[in-house]
Amino acid sequence: MTKKTLILAVETSCDETSVSVIENGQTILSNSVLSQIESHKRFGGVVPEVASRHHVENITLMFEDALSTAQVTMEDIDAVAVTQGPGLIGALLVGVNAAKALAYAHDKPLIPVHHIAGHIYANQLQSGMTFPLVALIVSGGHTELVYMRGHMDFEVIGETRDDAVGEAYDKVARTIGLPYPGGPQIDQLAAKGEDTYHFPRVWLESDSFDFSFSGLKSAVINKLHNLKQKGESPIPENVAASFQESVVEVLVGKAMRACQEYEVDQLIVAGGVASNKGLRAELDKAVQAHHITLSIPAPQLCTDNAAMIGAAAYYIYQKGITADLSLNGNSSMMLES
């Protein structure tokens, strides 16, 4: 009988305080998440200092809730994992120091986890991962294509040269008067509209897997200004639909080309924007045409959560990689380190 490995995982890279207990990297025993969206909504975005203060206030409660829900104690836990980076440095430090204190107090190994590795491994909690594969990461801070030959083997083959896709969604949402967070708002509005404004598709060089969304964002803003100068009112649902069509076409197109060039049979999608219904629908169509298996986590596992950190940590732990108490947060941590 395979020994159960229980990992207590901590995630505080941005504005969710989360603690989870994961069994053998695949089974969620608990996943306690406390979102700060309501606190940041009035500012139109995440305020780092406010986020850090909320993490300090709530981290102990999240530890207690995760252990209680999983019906385990710290004696049952094999290791403590934590997001080391990237993210907001103040927020990261709360989680890192809380995890270090817990690991030290209970004499448990400490496992550092890259935040994006966590997003990728959210798929392991659901449908599993079959190697080699390509991962499309789409979130508020990241847009990347990653090739994986095996567990914890990452090769970044494409990334954004300017704005991340989630950041572009939030900025466009703000220009048409939608509340924060803008991504879900744009997605809902786009379903009611049509691509009447035909915003540009930014492909960059013909052989590049990189992304760029800054020009698209500027095109939307310029169109709205031009309409205003002409005394015309934009149709918000059509702006949203036109913007989303441009984003999705490029994301899907580059992801499919990467799968073909790297000869993989599975595409996994990760990050908060993976919840986008428009993106999911187009990916579903594309993979069927290319005979590729698609894996996208359930929406609650797309946003930041500790379960994904615990899933990735299991495979790091299997490789015998741990950290000592000098571990520090790293806001610009590289995935391929």
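**Basis**

The model is predicted; local features need pLDDT of at least 70, side-chain atom pairs count only at pLDDT 80 or more, and totals for chains, interfaces and linings use all residues. Residues are numbered from 1 along each chain as its sequence is written, and side-chain values use heavy atoms, with hydrogens and water left out.

**Overall build**

The protein chain has 11 helices and 10 strands. These elements are DSSP runs (helices H or I, at least four residues; strands E, at least two), numbered from the N terminus. Along the principal axes, the C-alpha atoms fill a box of roughly 70 × 45 × 30 Å. The radius of gyration is 20 Å, which agrees with the value near 20 Å for a compact globule of 337 residues. That radius is taken over C-alpha atoms, and the globule rule is 2.2 Å times the number of residues to the power 0.38.

Buried residues make up 54% of the 337 residues. Buried means under 20% relative accessible area, exposed means over 50%, and partly exposed lies in between (1.4 Å probe, protein chains only). The accessible surface comes to about 14,600 Å². Carbon and sulfur atoms account for 49% of that surface. Areas come from the Shrake-Rupley method with a 1.4 Å probe; for residues, only the protein chains shown count as cover.

A contact means heavy atoms within 4.5 Å.

**Charges and salt bridges**

The chain carries 23 positive and 39 negative side chains. The centres of the two sets lie 5 Å apart. Lys and Arg count as positive and Asp and Glu as negative; His and the chain ends are not counted. The place of a charge is NZ of Lys, CZ of Arg, CG of Asp or CD of Glu.

Side chains of opposite charge can pair when their charged atoms come close. A salt bridge here is a side-chain nitrogen of Lys or Arg within 4 Å of a carboxyl oxygen of Asp or Glu. The count comes to 14 salt bridges.

Lysine 3 and aspartate 78 meet at 3.0 Å, N to O. This pair links distant parts of the chain, 75 residues apart. Lysine 3 sits in the segment before β1 (6–11), and aspartate 78 in the loop between α2 (48–70) and β4 (79–85). Lysine 3 is exposed, at 55% relative accessible area. Aspartate 78 is buried, at 19%.

Glutamate 38 pairs with lysine 41, with the closest N and O atoms 3.2 Å apart. Both belong to helix α1 (residues 37–41); they are 3 residues apart, so about one helical turn separates them. Glutamate 38 is exposed at 61%, and lysine 41 is partly exposed at 35%.

Glutamate 155 and arginine 149 form a salt bridge at 3.0 Å, N to O. Glutamate 155 is partly exposed at 24%. Arginine 149 is partly exposed at 47%. Elsewhere, salt bridges with shared partners join Asp163, Glu167, Lys171 and Lys217 into one network.

**Two buried loop residues**

Alanine 164 lies in the loop between β8 (154–159) and α5 (165–175). Its relative accessible area is 2%, so alanine 164 is buried. Beyond four places in sequence, alanine 164 is in contact with Ser139, Gly140, Gly141, His142, Thr143 and Phe213.

Glycine 271 is in the loop between β9 (266–270) and α9 (277–290). Glycine 271 is buried at 1%. Not counting residues up to four places away, glycine 271 touches His119, Val138, Ser139 and Cys302. Glycine 271 and isoleucine 296 are 25 residues apart in sequence and 9.4 Å apart in space, C-alpha to C-alpha.

**Backbone details**

| Cis peptide bond | Omega |
|---|---|
| glycine 85 – proline 86 | about -10° |
| tyrosine 180 – proline 181 | about -5° |

Proline 86 is in the loop between β4 and α3 (89–106). Proline 181 is in the loop between α5 and α6 (182–190).

Glutamine 71 is not a glycine, yet has a positive phi of about 60°. Its place is the loop between α2 and β4, and glutamine 71 is exposed at 73%. Glutamate 263, also not a glycine, has a positive phi of about 55°. Glutamate 263 lies in the loop between α8 (236–261) and β9, and is exposed at 69%.
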